[in-house]
Amino acid sequence: MEERQPMGIEQLLEKASSYIKEADLARIREAYAFAESAHRGQTRKSGEPYILHPVAVADILVDLQMDATTVIAGLLHDVVEDTNVTTQDLEAKFGRTCALLVDGLTKLEKIEFKSKEEAQNENYRKMFIAMAQDIRVIIIKLADRLHNMRTLKFQSEEARRRISEETLEIFCPISHRLGMAAIRWEMEDISLRYLNPQQYYRIVNLMQKKRAERELHISEVMDKIREKLVEMGIEADISGRPKHIYSIYKKMMSRNKQFNEIYDLLAIRIIVDNVKDCYATLGIIHTLWKPMPGRFKDYIAMPKPNMYQSLHTTVIGPKGEPTEVQIRTWDMHRTSEYGIAAHWAYKEGKDGSATAVPSGSFEEKMTFFREILELQHEAKDAAEFMESLRMDFFTDLVYVFTPKGEVIELPAGSVPLDFSYRIHTEIGNRTIGAKVNGRIVPLDHQLKTGDIVEILTSKHSYGPSQDWLKIAQSSHARSKIKQWFKKEKREENVAKGREALEREVKRLGYETSEVLTDEKLLETAKRFNFNDIEDMLSAIGFGGITAAQIVTRLTEKLRKESEETSQLQLTSEVRELKPASQTAVRSSRPRSAQGVRVKGVDNLLVRFARCCNPVPGDDIVGYITRGRGVSVHRKDCPNIALCEEGAGDDANRVIEVEWSPLMPEANYSVDIEITGHERRGLLNEVLQAVSETKTNMSAVSGRSDKNKVAMIHMTLLIRNTEHLQSVVEKIKRVRDVYSVQRIMQ
């Protein structure tokens, strides 16, 4: 699928001539000449002339039968980014629309960013905003990405993995949302090939082994269907379609099945002339073979939000094998393959050039693009914008119904509040309850595909509550709730924000008069991109940002000054201190470690080291720091070992400490790492095991590598070493857990 011969401009023009008029073909030729001149001397990683890439992108766009302006933009999509050509040059030569399309695809190369991630997020934000204004931006980008995936073998291994991960995370979900299955399937398969080659080639080989057997079975079924359709006078195109490799891989992973347990490796596709013939064909198939319960889906009467329409049924075919059949019209087939591109209509522009616009029905179904612009206004930076997109648009989806039968698409895990705000902002703000399938449910009830949702509203509603920000699962709903608080309760939010700031400052032991000066508040507000102090306080009040984030910035200079000037005289004299003559060293800011004594001396400033997190029962040792008292470490802490091995002052700072026999009951943070075999439900079972020991957690994170080894990091709140051991033993009993070990930072 990747290996394709480069196409020349003459071949491209010949293919495009089937639907593009002569005048526009001349414009395409002119764009090619312009791009070839601009890229002259540039080569790709493969060593081929760079111009072959824009031509390949244009070829994909012609396959989608996109309009001439889009094909031209495809030929020119890299000239602004990679050559000396400017957007103004393109506008003068090829028109404003073409220039805007190319600009939407051009990375922000001339702006300095703090990190690659920040640059990537900003570039994505620019592209998605341009996409929301003209959908052709993303169609060109998908064509560009598809050709890059086809030539990925020329990249380094690290680049192949990075690009494949990005494609699966961002571009495959977009192509799915746009109904562009042909592009999505190819990108998914190529991504899997580079991310998990072992599984990819294993599935390919297994499919090859069963190919003859499956094709014989499918051939028998198709012959039988063809014979019956001819008898009924129904003209149809019947073919066997192999499932793409990534979809088989996902089924194996999500359902925890082996390859030989996946039956629908091949599906029979029947394409007929009209909807009436679709249902007639379905009836014939169900009279020939018995349908499997729960495996019939009517996407014609109830299309998917990405416009996909088809009848799906699975029957028990000859020899008792399950066989999937898909029935659709030719128009439906084109939509299933090319999605949004199949719904493009042409009209003459005022300047006489042919432009392309989406049909009205398409615009109604693609309302989520307008929401992208709303997210842009609400997000405080590009990272938050991309996180909102991932939550709302790149996650799994559920499809629920209004009482009138309209389909509403929501992120998986959504609740009635998300549904109400997706219907209309005012309905969301006036929500007082919800019914799901005729029964009253709480607002945090998780919706499932197929639910019929009815929102109960009242004109006398007081509006959203702060709890709704925790209940709502979609960034769209949370954004609307925050808007309401921001607009309706500004004065109250400002007061709440100021109170929250004062509480946080006092909690950290600082004086409010020292920290909350107008000068410092204004400086901090500007750093967080607020217009003024009141905007910042209001944002804290309605939950747009936390008081802790603001106070951390406000006290940054004070903390540095404190570290430099507050030199506590805890040097070697500590060893000579007597209990009777010792003056306690105290601080109102840091919280000292409880239950630890320095050679029998109480009330010294004592802290637990974060590098090893000692807990009662551990062998411990103290280290005299400069300005922060005595730091308590585990004896096996590498940092202490380095100090003891060192010479001079560092070695003299290590002192003996002990746990107090009259220790207060307290919890101590402990970091552990759990290693196991990656599988669905592993994290949930580990969390359940910890919960059963009645142990609290303050942080959990996890990841897995290419070898399907899962690593889960947890921060537990532990009373002592016996408590820790009991938790570890409980976790070790979880299936597929290899090891549990305590780790140091």
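Before counting bridges I noted the pairing rule: two strands pair if DSSP finds at least two bridges between them. Strands (E, at least two residues) and helices (H or I, at least four) are DSSP runs, numbered from the N terminus. The model is predicted, so local features need pLDDT of at least 70, side-chain atom pairs count only at pLDDT 80 or more, and totals for chains, interfaces and linings use all residues. Residues are numbered from 1 along each chain as its sequence is written, and side-chain values use heavy atoms, with hydrogens and water left out.

**Entry 1, the sheet.** I looked up β11 (residues 431–436) and found 3 bridges joining it to β12, antiparallel. One pair I wrote down is alanine 434 with valine 441 of β12. I then traced the open sheet of 3 strands, and its order is β12-β11-β13, with antiparallel pairing. β12 (439–441) and β13 (453–457) each have a single partner strand, so one side of each is left without a neighbour in the sheet. Neighbouring strands here are turned by 35° against each other on average, direction ignored; the axes are lines fitted to C-alpha atoms.

I found helix α19 (residues 416–423) lying across β11, β12 and β13, at about 80° to β13. Helix axes are fitted over the stretch in contact, and angles run from 0 to 180 degrees between N-to-C directions. Contact means heavy atoms within 4.5 Å.

Is leucine 282 buried or exposed? At 9% relative accessibility, I logged leucine 282 as buried (under 20% relative accessible area, with exposed over 50% and partly exposed in between; 1.4 Å probe, protein chains only). Leucine 282 sits in helix α14 (residues 275–288). Not counting residues up to four places away in sequence, leucine 282 touches Phe296, Leu311, Thr313 and Ile327. For threonine 313, I noted 31 residues of sequence separation from leucine 282 and 8.1 Å in space, C-alpha to C-alpha.
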